[in-house]
Structures are given as C-alpha cells and as structure tokens.
Amino acid sequence: MAAFGRDLGDGFTLTLRDLTTVERLHELVQANLDRLRAAEPWAWDSPTREAIGRQTEHLLAQYAMDRALPCVIRQDDRIVGAASLAFDPYLGQASLGYWVDAGLEGRGVVRRAATVLVGVARARGTARVEIRTAVDNVRSRGLAERLGFVHEGTLRSALPLGPGRVDVAVYGLVL
C-alpha cells in the first residue's frame, strides 16, 4: 500500500488517514461536534476515540481494496480536517466528502483538497464524482458549485441528523 500525500500550499498538506491520526481526529471532532452534527450523521453516533479508530480501520480496509482514499488535511504537522473519496468501480463514479476545523473555514483549504481528490478520480478514469450535502449546508453547496459541480436534484428526507431527517442536495461533476 503506497503512501498518499499532496502539498496544498501555504503549509497545508493532504495525507492518507491512518491509525496515527485517530487521537488528533478525535480531538478535532470533539472541538467541532456541534457544527459536524449539522451535516454528518456519524457525528450523532457518539464519536468516541474508539469509534473513530474503528472507522479509520474500516476506511483503511477500503483503501487496501482500492475502494476509498481517506485523507486528513494537515496544517504543518497538525491535523485540521478530513477529505475523502469513496469509489464505486461498478458504476465508475466516486463520492467526495470533506470538513475542516471551524477556524479554517473560508481560507480555501478544503477547495484545494477537493481539487486534488477530483484530480485523483480523473486520473483513475472515474466517469463522475458526486457531492451530497444537506440542503441547508450553504458552505458545502457553495464549494461544490465553485468546483464546477452541477446541482442535479434534491433527495427528500434522505439524511438522518439526530432525531430528524433533512433533504440532501446532490451535485455531480462529469469527468
């Protein structure tokens, strides 16, 4: 399994998520838990250190099977966010996900990480990349549009967030 890493500029890098990232990811999730719960179902499922470790092991198994590229975003040596691709080889498409610490929003870090991951998908011959986000997640929707993704539709009540469900905006980019 070859290591993955890309320079994002300004002291930021995108590197493979692994078991050494679990502790810092847990701390970062806890610091951003309220905002993550507004967008991520997993943030409602008691994101303990152990749960993040199990999720990381699962993602690494998917990576080993060439089904995912789970990454962390680093500022110098400090983990400040996550970005990933999940590949569906049968359909020839990938799903892109991302989040960053609240203090770094609006600095273009996630845009740069997402651009790198779209480039990885393109180099693999992936036909399309999707971003699915809660319709109220204005920042994520704006990023999808800035990256050239097209809003293809809305899935009603498709995302469980805590005790309720929200609509999901589906964005696609044909490569």
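Let's start at Trp 42, which is partly exposed because its relative accessible area is 25%; buried means under 20%, exposed over 50% and partly exposed in between, using a 1.4 Å probe and protein chains only. Keep in mind that this is a predicted model, where local features need pLDDT of at least 70, side-chain atom pairs count only at pLDDT 80 or more, and totals for chains, interfaces and linings use all residues. Residues are numbered from 1 along each chain as its sequence is written, and side-chain values use heavy atoms, with hydrogens and water left out.

**Rings and charges**

Rings of Phe, Tyr and Trp (its six-membered ring) pair if their centres lie within 6.5 Å, with planes under 30 degrees apart called stacked, over 60 edge-to-face and the rest tilted. The count comes to one aromatic pair. Trp 42 and Trp 99 have ring centres 6.4 Å apart and planes at 50 degrees, so the pair is tilted. Trp 42 lies in the loop between helix 2 (33-37) and helix 3 and Trp 99 in strand 5, so the pair ties together parts 57 residues apart in sequence. Trp 99 counts as buried, at 12% relative accessibility.

| Charged residue | Ring | Distance to ring centre |
|---|---|---|
| Arg 37 | Trp 44 | 5.1 Å |
| Arg 124 | Phe 87 | 3.5 Å |

**Helix 3**

Helices (H or I, at least four residues) and strands (E, at least two) are DSSP runs, numbered from the N terminus. Helix 3 covers residues 49-64, 16 residues in total, and reaches 22 Å from its first C-alpha to its last. Its buried residues include Ala 51, Ile 52 and Leu 60. Those buried residues pack against strand 2 (12-16), helix 1 (22-31) and strand 3 (68-75), where contact means heavy atoms within 4.5 Å. Asp 66, with a positive phi near 65 degrees, follows helix 3.

Strands pair if DSSP finds at least two bridges between them. Strand 8 (residues 164-174) runs antiparallel to strand 6 (residues 128-134), joined by seven bridges, and Val 129 stands opposite Leu 173. Strand 7 (residues 150-161) is also antiparallel to strand 8, with eight bridges; here His 151 faces Tyr 171 across the pairing. In the hairpin of strand 7 and strand 8, two residues lie between the strands, and Gly 162 takes a positive phi near 65 degrees.

Conventions
Expected span 1.5 Å × (residues − 1). Lys NZ or Arg CZ within 6 Å of the ring centre and 35° of its normal.
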